[in-house]
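Please keep the viewer open as you read.

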2 protein chains.
Amino acid sequence: MHSSTPPKNNTRSFSTWHRLLDWAQEHYRYRTFAKDAQIPTRSGLLYLVQRGTIRLNGSAETEPPAYPHQNITPAEFQLQGGDETFLGFVGAGQPFEIVDRSPFTLQAFAHTDNTSIFWMYWHDLENFPSFRREILDSFRYQHQRKLLWLNTLGQRHTIERLLGYLTLLIEEFGEPCKEGYFLPFPLTHAQIASAIGTTRVTVTRLMKELREERKAILIKEDNLICLLSPSQPE
Amino acid sequence: MHSSTPPKNNTRSFSTWHRLLDWAQEHYRYRTFAKDAQIPTRSGLLYLVQRGTIRLNGSAETEPPAYPHQNITPAEFQLQGGDETFLGFVGAGQPFEIVDRSPFTLQAFAHTDNTSIFWMYWHDLENFPSFRREILDSFRYQHQRKLLWLNTLGQRHTIERLLGYLTLLIEEFGEPCKEGYFLPFPLTHAQIASAIGTTRVTVTRLMKELREERKAILIKEDNLICLLSPSQPE
């Protein structure tokens, strides 16, 4: 956890990354966060994850009084977390940016302990055209992943949404183990529920179904989710 | 409908666009499609919309026999369109690409009549670095929009998903009218349903609620959806 994670799986030059990292540290544009700490972000800045994992959350600022049929007070609405939505992870070596667009608000949190990021303006990259291109390529890749994610969420059966969602996450962030691939950090049922548009209780029930009936997943130590490899034909 | 739509709302040089368009036409990489025609696409190619609107669809190739509780035959599954998901539009002047990632398949369709596209390989843009950067910036923008879209889909109440979804679409593609902003091409209830993970029947019921109770939308001639401007304070 204490060594810095270099950007992986891409052709980005290590030297540019480390040059920008040094520059960011000198200019107080580098910071490390504890698990679940909110990252203070500003629209227009580009953030790079040096180490750890960022969790992106969104919320729609719907005013509860506008929907009298929900019959809850604003305080209860706050307690329920409004309709906060888990939008995905950004791993080490990847960029993110936060764009607010009323009535939606995006926030970034450190998903794992010791998550470090640094940040810059886009124009700080003017002198690094190939690095900037790789950053833009990362967003292009993230866009492709989001299309797949939307594809999953369009499915009518919640259990298909859940399984598709876990599959996409583990495909992108998973690590191999003897049973298959597992997500190397925990994810609560409430977080999953907020991503696939259902309730925590439903996720708990469907996770059990995926475990016990479909034999598609298992839960490893520390509550980590493992996607089982398809069994071999007999 | 017969004049070509130039790229709008961006700084992309018209001359580069038209130079590439001429090149594409000379090399048979330009084609016009009728409404709802499927665009033959290949992974690895970059497509640019010259005129009209592209609709992106996805489907998860779940094998129906694997889910005996659904109790339908493969033929019925086909008739239901599998779980085909509407993933969004790409307008004139915008790029798209199709990346297949098992078990998900993406397809592109001409959403409006006379939709024209041309295509190239990424390496064909090597000599146009600033144009390539603008294409990548378009994908970055599309990624931001998809995050907002995911934000909407994470909401638990289907009516909130529906209203948020219509708002995002009309914000991006809408045109002004005296009542507010309207989507300038039709969208079926089945298409909306597939985007927000519900049934056509539910969309029909909730669209009625948005129209009659919430007074949030109205339906214009030719079935076009209009988002009403918030009424002024008294």
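## A threonine and its surroundings

With a relative accessible area of 36%, A:Thr32 is partly exposed, because that class lies between the limits of 20% and 50%. Please bear in mind that this is a predicted model. A:Thr32 belongs to strand β1 of chain A, which covers residues 30–33.

Which residues does A:Thr32 touch once its neighbours within four places in sequence are left aside? The contacts are A:Arg51, A:Asn114, A:Thr115 and A:Ser116. Two of these partners come with distances. For A:Thr115, the C-alpha atom lies 5.5 Å from that of A:Thr32, although 83 residues separate the two in sequence. With A:Ser116, the link is a polar contact from side chain to side chain, at 2.8 Å.

| Pair | What is given | Distance |
|---|---|---|
| A:Thr32 and A:Thr115 | C-alpha to C-alpha | 5.5 Å |
| A:Thr32 and A:Ser116 | polar contact, side chain to side chain | 2.8 Å |

## Helix α5 in chain A

Now turn to helix α5 of chain A, residues 189–196, which is mostly covered: 6 of its 8 residues are buried. The buried ones are A:Gln191, A:Ile192, A:Ala193, A:Ser194, A:Ala195 and A:Ile196.

What do these buried residues of α5(A) pack against? Their partners in chain A include three strands, namely β4 (53–60), β5 (84–91) and β12 (225–228). The helices α3 (129–153), α4 (158–173) and α6 (200–212) of chain A are also on the list. After α5(A) comes A:Gly197, which has a positive phi, near 70 degrees.

## A glutamine in chain B

Chain B has a helix α5 at residues 189–196, and B:Gln191 sits in it. Is B:Gln191 buried or exposed? B:Gln191 counts as buried because its relative accessibility is 17%, and the limit for that class is under 20%. Not counting residues up to four places away in sequence, B:Gln191 touches B:Arg55, B:Phe86 and B:His111.

## Chain A as a whole

Stepping back, chain A contains 6 helices and 12 strands. Of its 234 residues, 53% count as buried. Chain A exposes about 11400 Å², and carbon and sulfur atoms supply 51% of that area.

The contacts of chain A can also be sorted by sequence separation. Taking those between residues at least 6 apart in sequence, 75% join residues at least 24 apart.

How values were computed
Residues are numbered from 1 along each chain as its sequence is written. Chains are lettered from A and ligands numbered from 1 in the order in which they are written. This is a predicted model: local features need pLDDT of at least 70, side-chain atom pairs count only at pLDDT 80 or more; totals for chains, interfaces and linings use all residues. Side-chain values use heavy atoms; hydrogens and water are left out. Helices (H or I, at least four residues) and strands (E, at least two) are DSSP runs, numbered from the N terminus. Buried means under 20% relative accessible area, exposed over 50%, partly exposed in between (1.4 Å probe, protein chains only). Contact means heavy atoms within 4.5 Å. Accessible areas come from the Shrake-Rupley method with a 1.4 Å probe; for residues, only the protein chains shown count as cover. A polar contact is a pair of N or O atoms within 3.5 Å; within protein, one must be able to donate a hydrogen and the other to accept it, and residues adjacent in sequence count only if both atoms are side-chain atoms.
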